[in-house]
Amino acid sequence: MTKKRLIFDQDDVLADTNGKLVEMVLNEFGIDLPRTAFVHQTFQELLPPADHKRLYEAIHAPGFFADIPVKENAVEVVRELSEKYEIFVATAAMEFPNSFREKYDWLQHYFPFIHWSNIVFCGDKSILQGDYLIDDMARNFTNFGGEAVLFSMPHNRTETVYGRVANWNDIAAKFL
Ligand SMILES: [Mg+2]
């Protein structure tokens, strides 16, 4: 039987990119907000305009993608899923050309069992073909032929079209 193809986004699905940004803002931006404020609201909503630019520059700086924490349980669940499914990682890396090496090395470090031929650095994700795409950006589901699964984040909280998962326990419950 052919395995179904599961495609995972990297940032804010495998990697806790938002979590790294929250720590950066709290520790380096001099923002007087509780950590909990960032659970439901976006940086755009919480930060003054000058800090939006600072955040943008931080994300585009060399090294940003090298040390992002991995999401809790992501490694264990992907390893288990890889027994049952064909696993791909697809990341819109073209948005951050500096990031290629860092993103690749990060995947090798945390997910060495995902072969390089199953890693897709892309621009427009509408070229992807698979049975499931798990992503935090609803725009990436446009034209996707399989089932779209939205990984809940503050920036997608108003999306109502797609099924959701909140964490890797939800992914395990849905797919394992
Ligand atoms: Mg993402």
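The structure is a predicted model, in which local features need pLDDT of at least 70 and side-chain atom pairs count only at pLDDT 80 or more, while totals for chains, interfaces and linings use all residues. Residues are numbered from 1 along each chain as its sequence is written.

**Overall fold**

The protein chain contains seven helices and six strands. Helices (H or I, at least four residues) and strands (E, at least two) are DSSP runs, numbered from the N terminus. In sequence order, the pattern is β-α-α-α-α-α-β-α-β-β-β-β-α. The radius of gyration is 16 Å, close to the 16 Å given by the globule rule for 176 residues, so the chain is as compact as a globular protein of that length. This radius is taken over C-alpha atoms, and the rule is 2.2 Å times the number of residues to the power 0.38. Along the principal axes, the C-alpha atoms fill a box of roughly 55 × 35 × 30 Å.

Of the 176 residues, 24% count as buried. A residue is buried if 20 or more other C-beta atoms lie within 10 Å of its own, exposed if 12 or fewer, and partly exposed in between, with C-beta atoms placed from the backbone. Two residues are in contact if their C-beta atoms, placed from the backbone, lie within 7 Å. Among contacts between residues at least 6 apart in sequence, 62% join residues at least 24 apart.

**Domains**

Domain 1 comprises 5–16 + 68–175, and domain 2 comprises 17–60. These bounds come from an automatic or database domain assignment. The C-alpha centres of domain 1 and domain 2 are 23 Å apart. Contacts link 12 residues of domain 1 with 11 residues of domain 2. On the domain 1 side, the touching residues are six nonpolar, two polar and four charged. Here Ala, Val, Leu, Ile, Met, Phe, Trp, Tyr, Cys and Pro count as nonpolar, Asp, Glu, Lys and Arg as charged, and the others, Gly among them, as polar.

**Strand pairing**

Two strands pair if DSSP finds at least two bridges between them.

| Strands | Bridges | Facing residues |
|---|---|---|
| E1 (residues 5–8) and E2 (residues 86–91) | four | Phe-8 and Val-89 |
| E1 and E4 (residues 132–135) | three | Ile-7 and Leu-133 |
| E4 and E5 (residues 147–151) | four | Tyr-132 and Glu-147 |
| E5 and E6 (residues 163–165) | three | Phe-151 and Val-165 |

Helix H4 (residues 49–60) has 12 residues and spans 17 Å from its first C-alpha to its last, close to the expected 16 Å. The expected span is 1.5 Å times one less than the number of residues. Leaving aside residues up to four places away in sequence, Leu-55 touches Leu-21 and Phe-43. Lys-84 is 29 residues from Leu-55 along the chain, and their C-alpha atoms are separated by 39 Å.

**Thr-160**

Thr-160 lies in the loop between E5 and E6. Thr-160 is exposed, with 8 other C-beta atoms within 10 Å. Ala-138 and Thr-160 are 22 residues apart in sequence and 9.9 Å apart in space, C-alpha to C-alpha.
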